Amino acid sequence: VGSNPYPPIDDWCVPSTAVAATLASVVGAGRRGNEAGVFWLGERESTASVRAIISLRGRGVLESPGRWRVTSEVYGVVSHLAREIDLVLLATAHTHGAGVPVALSRTDREDGVRVPGLLAIVIGDAGQATVDEWSWNVYVKEFHTFDAAELARRVTFADGDITLWRANAEGAIPWSGAEDE
Amino acid sequence: MSQVDTKQEDKTKAVKTTVDYLPATKPFKKDFAPEMTFQTVRTEAMAFFKVADFNDRDVHQFHLEASSQRVDYSQTLAAYLAAHGHGHQGAHKLDLTLVEQVTAGGV
């Protein structure tokens with residue numbers, strides 16, 4: 001049982017559809033003044049590929065003006081789904097409201113999933129910010145924020161197939177990707 | 001083999017245990033003696049996944065779930081399997097999930 005459960009990641013491949021689905025999932029809550037977020041699942045290799053977007057809405061998902069939080073029950077549901085579709089958690093992405101700094105807050109740093117190579121993305125302006133304005137952070141021994149050059153070097157946006165899911169404490173079901181469904 | 005012999009074998013046969021953790025590419029797998037408790041499994045799984053309970057402003061704790069239900073850490077694996085019947089996950093096999101719970105206001 002001694003092998004590394006977190007193989008190192010050099011860079012990430014993010015399908016454009018993943019970005020669109022992420023924004024579709026969070027923008028409605030943003031309009032209501034709440035933070036919201038999604039999980040990105042994928043294949044963890046030296047080039048990690050995003051393969052599924054998990055829209056987190058409903059029981060066990062707290063969306064509020066200053067805080068987005070997911071209960072352990074929701075993590076459990078997503079864990080079962082990830083096992084079924086043979087993917088792992090690569091990233092969490094959540095919004096900050098208009099006027100709130102587009103950077104990990106102290107709460108984000110403390111409550112985020114802290115395993116090597118995990119991305120923690122902050123989407124500014126309540127989900128209205130374009131992807132080049134997002135804050136990209138990777139956990140090493142603490143969270144490290146990409147500058148523009150590192151983002152360009154380590155994150156590639158490309159075509160690619162993804163699956164879409166909606167999950168909460170009650171379970172996970174396929175999701176159309178439609179905004180505010 | 002008599003019924004008594006079969007029951008005695010059930011009590012001594014190792015429990016093939018698998019623990020998944022959402023960000024990890026590999027599960028934790030180990031055969032545990034049936035008299036081991038879930039606390040032992042939790043401790044070893046957390047070491048494998050390199051995670052630990054901690055407090056900051058909140059309380060961060062890792063928990064094991066079986067079939068979406070949190071397990072009782074004082075319970076032995078044998079007692080759990082007996083309580084859930086041989087059809088539950090197989091007589092000597094356990095599939096568990098490690099999840100983190102954050103409770104507000106730790107400090």
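A: Let's start with A:Arg31, which is exposed, its relative accessible area being 54%. Please keep in mind that this is a predicted model. The side chain of A:Arg31 meets that of A:Glu179 in a salt bridge, with N and O 2.4 Å apart. A:Arg31 belongs to helix α1 of chain A and A:Glu179 to the segment after β12 (171-174) of chain A, so the pair ties together parts 148 residues apart in sequence. A:Glu179 itself is partly exposed, at 40% relative accessible area.

The helix that carries A:Arg31 deserves a moment. Helix α1 of chain A covers residues 16-31, 16 residues in total, and its first and last C-alpha atoms are 23 Å apart, close to the 22 Å expected at 1.5 Å a residue. There is a bend of about 30° in α1(A) at A:Ser25. A:Ser25 is also among the buried residues of α1(A), which include A:Ala18, A:Val19, A:Val26 and A:Val27. After the helix comes A:Gly33, with a positive phi near 90°.

Now for another pair in chain A. A:Arg67 and A:Asp111 form a salt bridge whose closest N and O atoms are 2.4 Å apart. Strand β5 (residues 67-70) of chain A holds A:Arg67 and helix α3 of chain A holds A:Asp111, so this pair ties together parts 44 residues apart in sequence. A:Asp111 is buried at 17% relative accessible area, while A:Arg67 counts as partly exposed at 23%. A:Arg69 joins in as well: A:Arg67, A:Arg69 and A:Asp111 are linked in a network of salt bridges.

Pairing also takes place between chains. B:Asp20 and A:Arg83 have side chains that meet in a salt bridge, 2.6 Å from N to O. This pair crosses from strand β1 (residues 15-21) of chain B to helix α2 (residues 72-85) of chain A. B:Asp20 counts as buried, with 18% relative accessibility, whereas A:Arg83 counts as partly exposed, with 35%. Over all chains, the count of salt bridges comes to 13.

The side chain of A:Arg44 reaches the backbone oxygen of A:Pro116 at 2.6 Å, and one of its polar atoms lies 2.8 Å from the backbone oxygen of A:Pro7. A:Arg44 is placed in the loop between β2 (37-43) and β3 (47-56) of chain A. Leaving aside neighbours within four places in sequence, its contacts include A:Tyr6, A:Ile9, A:Val88 and A:Leu90, as well as B:Pro23 and B:Thr25 in chain B.

A last charged side chain takes us to chain B. B:Asp95 sits in strand β6 (residues 93-103) of chain B and is partly exposed, at 23% relative accessible area. Its side chain makes a polar contact with that of B:Lys93, at 2.8 Å. B:Asp95 and B:Pro27 are 68 residues apart along the chain, and their C-alpha atoms are separated by 10.0 Å.

Methods
Residues numbered from 1 in each chain as written. Chains lettered and ligands numbered in written order. Predicted model: local features only at pLDDT ≥ 70, side-chain atom pairs only at ≥ 80, totals over all residues. Heavy atoms only, no water. Helix = DSSP H or I, 4+ residues; strand = E, 2+ residues; numbered from the N terminus. Polar contact = N/O pair within 3.5 Å; in protein donor to acceptor, adjacent residues only side chain to side chain. Contact = heavy atoms within 4.5 Å. Expected span 1.5 Å × (residues − 1). Bend = angle between axes of the 7 residues up to and from the residue. Buried < 20%, exposed > 50% of the residue type's maximum accessible area, 1.4 Å probe, protein only. Salt bridge = Lys/Arg side-chain N within 4 Å of Asp/Glu carboxyl O.
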